[in-house]
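Please read these notes with the model open beside them. They are set out as numbered points.

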Amino acid sequence: MPDELAGTVPDTVPENLADLPVDLLPVASPARAAELWTCEVHGAVYPVQPVLAPSPAVLGTVVGRSQVPLWLPWPLPNHWVFGGVAYAGDHHTGARATVLAASGPSPFGGEGDLLLIAEEMGIGLGARFAGLTGPDPGPIFEDTAAHAKVYAAGRPTPLWSVPDTGDRAVFVGEARGTWLWLVLWPAIAGALLYEDLVLTDLRDAGAEIGHLPVGSLSPRFFA
């Protein structure tokens with residue numbers, strides 16, 4: 001890794017987000033270059049920052065510094081709430097991958113949880129929450145037609161179901177030039193995607209962020 005890209009950061013990426021402290025990060029850094037971690041497998045990577053508890057103020061801070069979308073169903077399904085945010089990136093360049101959580105009644109009873117991930121290619125945060133070993137979903141786009149569709153920022157966006165993901169349903173596609181992942185628990189909650197789900201990039205929401213219904217921090221950040 002070039003010396004000018006090295007920051008004062010850990011040598012490796014934690015395997016589990018639960019190992020990271022839940023704390024607010026400064027919104028600016030005096031560093032002049034990107035602060036990267038080094039992974040033995042993937043080389044220089046953007047660090048995953050601490051998970052942030054849900055509040056409009058916290059979300060507004062991340063929105064203001066993100067280089068990628070922050071997707072959320074808008075309006076949220078009935079009785080669903082916002083459950084926190086995390087991102088990968090550094091203090092200098094901002095978020096290059098985002099994860100937003102929501103939870104509420106599952107279509108077939110009980111509680112459902114949803115993580116929405118937007119990320120630049122090669123970061124691998126979506127694959128981590130999907131329970132995959134690699135950084136991307138593999139050749140599913142070549143093998144079959146799209147399985148579902150959402151409307152992301154007003155555009156119909158095809159999604160492919162990722163197989164063999166155990167206790168969760170995982171769908172992936174592309175929106176606004178970045179990967180879009182939806183990870184739902186339990187797996188049957190994936191039925192939400194067959195209801196013309198409308199996603200908004202919260203960078204476009206403005207003052208409406210202050211009206212988000214807020215719940216508790218989603219445990220799915222640590223699944």
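Where is Pro186 found? Pro186 is in the loop between β10 and β11 (198–201), and a cis peptide bond with omega of about -15° joins Trp185 to it.

1. Basis of the notes. This is a predicted model, in which local features need pLDDT of at least 70 and side-chain atom pairs count only at pLDDT 80 or more, while totals for chains, interfaces and linings use all residues. Residues are numbered from 1 along each chain as its sequence is written, and side-chain values use heavy atoms, with hydrogens and water left out.

2. Confidence. The mean pLDDT (the predictor's confidence in each residue, from 0 to 100) is 81 for the chain, and 80% of its residues reach 70 or more. Over residues 1–34 pLDDT stays under 50, and the model has 61 contacts beyond four places in sequence for them; a contact means heavy atoms within 4.5 Å. Residues 37–43 also have pLDDT under 50 throughout, with 17 contacts beyond four places in sequence. Where pLDDT is low, the predicted coordinates should not be read in detail.

3. Elements. The chain has 3 helices and 11 strands. Helices (H or I, at least four residues) and strands (E, at least two) are DSSP runs, numbered from the N terminus. Read from the N terminus, their order is β-β-α-β-β-β-β-α-α-β-β-β-β-β. Of the contacts between residues at least 6 apart in sequence, 64% join residues at least 24 apart.

4. Sheet. Nine strands form an open sheet with mixed pairing, in the order β3-β11-β7-β8-β9-β10-β6-β5-β4; two strands pair if DSSP finds at least two bridges between them. β3 and β4 stand at the edges with a single partner strand each, so one side of each has no neighbour in the sheet. On average, neighbouring strands of this sheet are turned by 30° against each other, direction ignored. For such angles, axes are lines fitted to C-alpha atoms, for helices over the stretch in contact, and angles run from 0 to 180 degrees between N-to-C directions.

5. β4 and β5 run antiparallel and are joined by 8 bridges, Gly89 having Ala95 of β5 as its bridge partner. A hairpin of 3 residues links β4 to β5. β5 and β6 also pair in the antiparallel sense, over 9 bridges, and Ala101 has Leu115 of β6 as its bridge partner. The hairpin of β5 and β6 has 5 residues between the strands, and Gly109 there takes a positive phi near 100°. α1 lies across β4 and β5, at about 35° to β4.

6. Burial. Of the 223 residues in the chain, 47% are buried; buried means under 20% relative accessible area, exposed over 50%, and partly exposed in between (1.4 Å probe, protein chains only). In β5, 11 of the 12 residues are buried, so this strand is largely enclosed by the rest of the structure.

7. Cores. A nonpolar core is a set of buried Ala, Val, Leu, Ile, Met, Phe, Trp, Tyr and Cys residues joined through side-chain atoms within 4.5 Å. The largest one has 39 residues, and Leu59, Val85, Leu182, Leu184, Leu193 and Leu202 have the most contacts inside it. Among the elements supplying at least two residues each are α1 (56–65), β4 (81–90), β5 (94–105) and β10 (178–185). The largest share, 4 residues, comes from α1. A second, separate core of 23 residues includes Val51, Ala101, Val172 and Trp181. Leaving aside neighbours within four places in sequence, Leu193 is in contact with Ala148, Lys149, Val150, Leu159, Phe171, Leu182 and Leu184.

8. Backbone geometry to check. Most residues other than glycine have a negative phi, and most peptide bonds are trans. A cis bond joins Trp74 and Pro75, with omega about 0°, and Pro75 lies in the loop between β3 and β4. His79 is found in the loop between β3 and β4; its phi is positive, near 70°, and at 63% relative accessibility His79 is exposed. Ala153, in the loop between β7 and β8, has a positive phi of about 55° and is partly exposed at 32% relative accessible area.

9. Arg155. This residue is in strand β8 (residues 155–161). Arg155 is exposed, with a relative accessible area of 63%. Arg155 and Leu199 are 44 residues apart in sequence and 9.4 Å apart in space, C-alpha to C-alpha.
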